Amino acid sequence: MVRKAGLRRSSVFVDIGSGINRVLFHALLYPAVEWAFGIEFDSVKVLKAVAAFDYLMQKMPVFKAAMKNKSAPPKANCASISEVGTLSPATHAFTFWVGMTKAAKMAIGRLWNNCPSLKVSSRVVV
């Protein structure tokens, strides 16, 4: 995403279908985005994401150091995509279509197109 979509330190990153936040954690470390949040549809995965964040904060000094300068820790929200009102303030978004219904893809598309903070260059399928 750094090369194809211009993801950088000043970016706000959203991972749609974030699972346990692996992609989100990566964005926090490189390129060390300003802030990141995930939207996950499975409450069990959200619990795992929270546990993974706690683990990384305790066991990975480089992750803890990266988070020290963040204004807020990453959020992992559990919601049906139809319950998500906006992707703002995201400047960059990532999603992985596998396993998503057509209705979910359409809902994501509507959110994506109605988010003024998303940069046009971030609308890259990776």
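N21 touches G38, A49 and A76, leaving aside residues up to four places away in sequence; a contact means heavy atoms within 4.5 Å. The model is predicted: local features need pLDDT of at least 70, side-chain atom pairs count only at pLDDT 80 or more, and totals for chains, interfaces and linings use all residues. Residues are numbered from 1 along each chain as its sequence is written, and side-chain values use heavy atoms, with hydrogens and water left out.

N21 is found in the loop between β1 (12-16) and α2 (22-29). Helices (H or I, at least four residues) and strands (E, at least two) are DSSP runs, numbered from the N terminus. The C-alpha atom of N21 is separated by 8.8 Å from that of K48, which is 27 residues apart from N21 along the chain. S18 lies in the loop between β1 and α2 as well.

| Residue | Relative accessible area | Contacts beyond four places in sequence |
|---|---|---|
| N21 | 3%, buried | G38, A49 and A76 |
| S18 | 5%, buried | G38, I39 and E40 |

Five of the five residues of β1 are buried, so β1 is largely enclosed by the rest of the structure. In a regular strand the side chains alternate between the two faces of the sheet. Both faces of β1 are covered, with V12, V14 and I16 buried on one side and F13 and D15 buried on the other. β1 pairs with strand β2 (residues 35-40) in the parallel sense over five bridges; two strands pair if DSSP finds at least two bridges between them. Within this pair, F13 stands opposite A36 in β2.

The whole chain can now be described. The protein chain has five helices and four strands, and from the N terminus on its elements run α-β-α-β-α-α-β-β-α. Its radius of gyration, taken over C-alpha atoms, is 14 Å, close to the 14 Å that the globule rule gives for 126 residues, so the chain is as compact as a globular protein of that length. The globule rule is 2.2 Å times the number of residues to the power 0.38. Along its principal axes the C-alpha trace spans about 40 × 30 × 20 Å. Of the 126 residues, 43% count as buried. Among contacts with a separation of 6 or more, 70% are accounted for by residues 24 or more positions apart.

Conventions:
Buried means under 20% relative accessible area, exposed over 50%, partly exposed in between (1.4 Å probe, protein chains only).
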